[in-house]
Amino acid sequence: MKKIINNKFLVLSICIIVLNLLIKGFLVTSYPNSISPEEIDLITRLSFFKSFDPYSLRYIIVVVSSLFATLSFILLYRITKNLSWSFLSGLLLTYSPWIFIISRYSNFYLVVLSLCISSFLFFYKSKLRYILIFFLILISGYFLYQNKIFITSNFINDFGGIFRLMDFKNLYFTGDYTSTFIRIPKTGFFLFFEVLVFLYGLYKLVLERGNDQIKRIIIEIFFIGLMWFFITPSNLIISNKSMFIFYSIGLVIAFGYSSLMSKKAIVAWFIMPLIICGFIFYQELFYFHFDIKNSSDWGFAEEKISRLLEKNSQNINSVYVSGDASSFIKYLPLFGKNFTNEKIEIVESDWIRDKAMFKCLEKKILCVFKESDLLLTTLEKDDLREKIYYNNGLLAYLILSKESLKTNVLNK
């Protein structure tokens, strides 16, 4: 009997890691189709990553996320010996929208979460795990925020944020209400119908006797989540600020599934189609709508303009950039490596109004503006040939130079 259980455990462990690698790694370098500002900031901090393709770095996070789901399954089984709950918990960490989306781009926060769970696994019989987790969170916070850890902008806002986070509308329907760049359209942090499974799991945990070890591990992770929530800056996006809390909620949902399936095996025939349909629904939203919906929050246009400057580096002596159009500059070290930042000068509104019409038309000079900047000149966007668009088709940047200006525009 023990050998049969061990064989099941091994097979289920392999299933979890394979499913994670397939689901989270599928077209990971193409969707999202651009690099986020958060990825740029991380690569800038870890400067040795600059020599790597920034899209390929996402494979590291896919592997980390896959190991996290597998280690979680192993940890929960070692503590509780509840194979069903442990496997379903690992399965939720495979397909849940909250972890799927943060596994699709270079994300240091997921590494922190994985390291903490690893500490639980290897020291789960020792109180040393609490000390290790505390120092992991402390060191991670210092690395990310330097001296700003423990200095949240407003603790009262954080208390309010907890209650807002636990609103079922945000958990199951809205998703990250603090940031559009990471929000999958029409999807919450968990699948729609799982609100019922969560309530059932919570009901069984509170009112049913036994399951003490399961309750304990869920409560411990939830309180670790509260600590992480309050020591990280108030302006950190909820998806990263609440990841430990989401993990504990996922454990309750998994217990709800496990309890339902333990009553009658036939329940699984009803639940699995719901999971599959919910999974397909948000995957379709991600692959076909995410990049269009969130294009202006990622670096689609910034990458294009960086590559344009690198391509024409030999023919450009100076680039004048308005303050509103300067967000692409942080992308240059990755996508415009042969273009030196010394050639760039950020200009004020007065400069655009008084000098742009003759300075930008000089030989080997190029100006990068937003559409609103043209209001300070006599030009309109249709007067320029060269424009940079977001993935959704909206205008991102305008290129003003002697070559981009349409014929006879100055004689209008």
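User: How do the residues lining the largest cavity divide into nonpolar, polar and charged?
Analyst: This is a predicted model. The lining of its largest cavity includes Pro-97, Trp-98, Ile-101, Asp-176 and Arg-183. Gly counts as polar here, and Gly-175 and Gly-188 are among the lining residues. The lining divides into six nonpolar, four polar and two charged residues.

User: Which helix gives the largest share of that lining?
Analyst: Pro-97, Trp-98 and Ile-101 are among the residues that line the largest cavity. The helix in question covers residues 97–102 and supplies three lining residues. That helix is α5.

User: How much space lies in the largest cavity?
Analyst: Rolling a probe the size of a water molecule over the atoms shows where empty space is left. In this structure, a whole-structure search finds three cavities of 30 Å³ or more. The space in the largest cavity is about 90 Å³.

User: Is Asn-294 buried or exposed?
Analyst: Asn-294 sits in the loop between α14 (267–293) and α15 (300–311). Leaving out residues up to four places away in sequence, Asn-294 touches Thr-180, Phe-181 and Arg-183. Its relative accessibility is 3%. Buried means under 20%, so Asn-294 counts as buried.

User: Which residues have the most contacts inside the largest nonpolar core?
Analyst: In soluble globular proteins, nonpolar side chains tend to be buried together. The largest nonpolar core here has 98 residues. The residues with the most contacts inside this core are Trp-85, Trp-98, Phe-190, Tyr-247, Ile-253 and Tyr-257.

User: Which helix gives the most to this core?
Analyst: The largest nonpolar core holds 98 residues. The helix that gives the most to this core spans residues 243–263 and contributes 13 residues. That helix is α13.

User: Which residues does Tyr-257 touch, not counting residues up to four places away in sequence?
Analyst: Tyr-257 is one of the residues with the most contacts inside the largest core. Contact means heavy atoms within 4.5 Å. With residues up to four places away in sequence left out, Tyr-257 touches Leu-88, Leu-92, Tyr-95, Phe-193, Glu-194, Val-197, Ile-271 and Ile-275.

User: How many residues apart are Asp-41 and Lys-330, which form a salt bridge?
Analyst: The closest N and O atoms of this pair are 3.1 Å apart. The pair links distant parts of the chain. Asp-41 is in helix α2 (residues 37–45), and Lys-330 is in the loop between β1 (318–322) and α16 (332–335).

User: Are Asp-41 and Lys-330 buried, partly exposed or exposed?
Analyst: Buried means under 20% relative accessible area, and exposed means over 50%. Asp-41 has 32%, and Lys-330 has 35%. Both values fall in between, so Asp-41 and Lys-330 count as partly exposed.

User: What is the N to O distance in the salt bridge of Lys-359 and Glu-362?
Analyst: Side chains of opposite charge can pair when their charged atoms come close. Lys-359 is partly exposed at 24%, and Glu-362 is partly exposed at 33%. Their side chains meet in a salt bridge with an N to O distance of 3.7 Å.

Conventions: Residues numbered from 1 in each chain as written. Predicted model: local features only at pLDDT ≥ 70, side-chain atom pairs only at ≥ 80, totals over all residues. Heavy atoms only, no water. Salt bridge = Lys/Arg side-chain N within 4 Å of Asp/Glu carboxyl O. Helix = DSSP H or I, 4+ residues; strand = E, 2+ residues; numbered from the N terminus. Buried < 20%, exposed > 50% of the residue type's maximum accessible area, 1.4 Å probe, protein only. Core = buried A, V, L, I, M, F, W, Y, C linked by side-chain atoms within 4.5 Å. 1 Å grid on protein atoms, 1.4 Å probe; cavity = no way out; pocket = protein on both sides within 12 Å on 5 of 7 lines; lining within 4 Å. Points joined across faces, edges and corners; volume = space filled by probe spheres on them.
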